[in-house]
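Here is a short tour of a helix pair and a strand. Please keep the sequence and the 3D view open as you read.

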Amino acid sequence: YYTDDPRQEAGTFIRKNSLITEGYSWKESLLENDNKTIEMIGVPLQVLQAKTAGQILTRLPHDPEIMNRTAIVLPDEQLLMPVLYALPGHVEDVNVTMGYPLSASPLFNLTESLFDLQRSFRQGSFYFKHVLSLLSHPYIQFTDPAGINQWLDHFRSKPQIRISREELTGSKALPVMKVLFSGFDSFKTALEYFNAFFSMMIEAVRKNHEEIQSIEKEYIYYFYTRFRKLEEILVKYTEELSVETFRSLFNEVIRSTRIPFTGEPLKGLQVMGFLETRVLDFENLVILSLNEDVLPPASQDRKSTRL
């Protein structure tokens with residue numbers, strides 16, 4: 001299909017390469033001649049795509065050999081976590097052959113909430129919505145769920161628009177709240193703040209080792225290592241940075257980091273990005289996000305031109 005048709009660009013270099021003769025054994029025309037069953041499913045939301053993919057796998061025979069010949073393709077890498085959570089229980093082995101952007105993790109949203117919390121600090125108090133959002137985050141809940149929920153119940157019985165820092169970090173406050181609401185107003189204090197924050201998260205992982213999933217442990221590990229690397233670089237400079245500059249640099253580092261996954265490529269269900277599918281063949285293929293601007297992706301540098 002690709003090599004014999006001169007209009008197919010994918011076969012250009014094979015046709016030109018004199019080292020490849022006409023008799024090579026892997027030349028087939030499966031794309032054109034194999035029988036196929038193609039089903040197009042329209043769903044209204046991104047997360048529903050992941051749930052639908054899980055339902056498709058449920059319809060397949062519950063046989064490990066069938067899973068070995070099945071792949072889920074994700075042109076939109078943001079759907080990786082919803083897909084993993086939507087997999088049916090009988091799928092035991094999963095091999096992810098794509099990197100996952102650290103900026104798509106829940107921990108990135110948590111660190112953004114920490115910066116937003118400091119921006120809401122006025123006259124010794126925080127805006128209540130930022131406080132409640134932070135304490136309700138699942139990762140913060142890991143540190144002390146009973147104590148945090150007790151504080152939230154007490155607050156809801158006597159709500160207030162702004163909550164003083166003294167109330168949140170006083171002698172009777174929870175240790176996690178003393179860390180979260182200690183605050184920072186300079187680059188130096190921001191480094192101290194985030195060192196204390198990540199130390200608290202690592203300790204929470206140790207205490208709740210079995211309850212926290214391995215991927216969430218990876219988030220925390222990669223965040224902490226990238227933060228420490230950035231700290232080592234920035235402390236070498238004598239010029240004082242603003243908090244906003246530090247936030248921009250920190251976010252830039254996180255956005256450029258991807259979490260690599262390792263697994264057994266010859267066993268189990270394969271979950272991969274679109275580029276990883278090249279030169280591979282599967283009996284069952286589930287492709288998500290078959291929408292414009294995702295497949296193919298939208299151009300990042302579209303510019304209007306006047307003629």
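The notes below cover how to read the model, then the strand, then the helices.

## Reading the model

This is a predicted model, in which local features need pLDDT of at least 70 and side-chain atom pairs count only at pLDDT 80 or more, while totals for chains, interfaces and linings use all residues. Residues are numbered from 1 along each chain as its sequence is written, and side-chain values use heavy atoms, leaving out hydrogens and water.

Helices (H or I, at least four residues) and strands (E, at least two) are DSSP runs, numbered from the N terminus.

Strands pair if DSSP finds at least two bridges between them. Strand 1 runs parallel to strand 8 (residues 284-287), joined by 4 bridges, and Ile72 sits opposite Val286 there. Strand 1 also pairs in the parallel sense with strand 7 (residues 269-273) over 4 bridges, where Leu74 faces Gly273.

## Helix 12 against helix 14

Which residues of helix 12 meet helix 14? Phe187, Ala190, Leu191, Phe194 and Phe198 do, touching Val243, Phe246 and Phe250 in helix 14 (contact means heavy atoms within 4.5 Å). By class, the contact of helix 12 with helix 14 has 8 nonpolar, no polar and no charged residues (Ala, Val, Leu, Ile, Met, Phe, Trp, Tyr, Cys and Pro count as nonpolar, Asp, Glu, Lys and Arg as charged, and the others, Gly among them, as polar).
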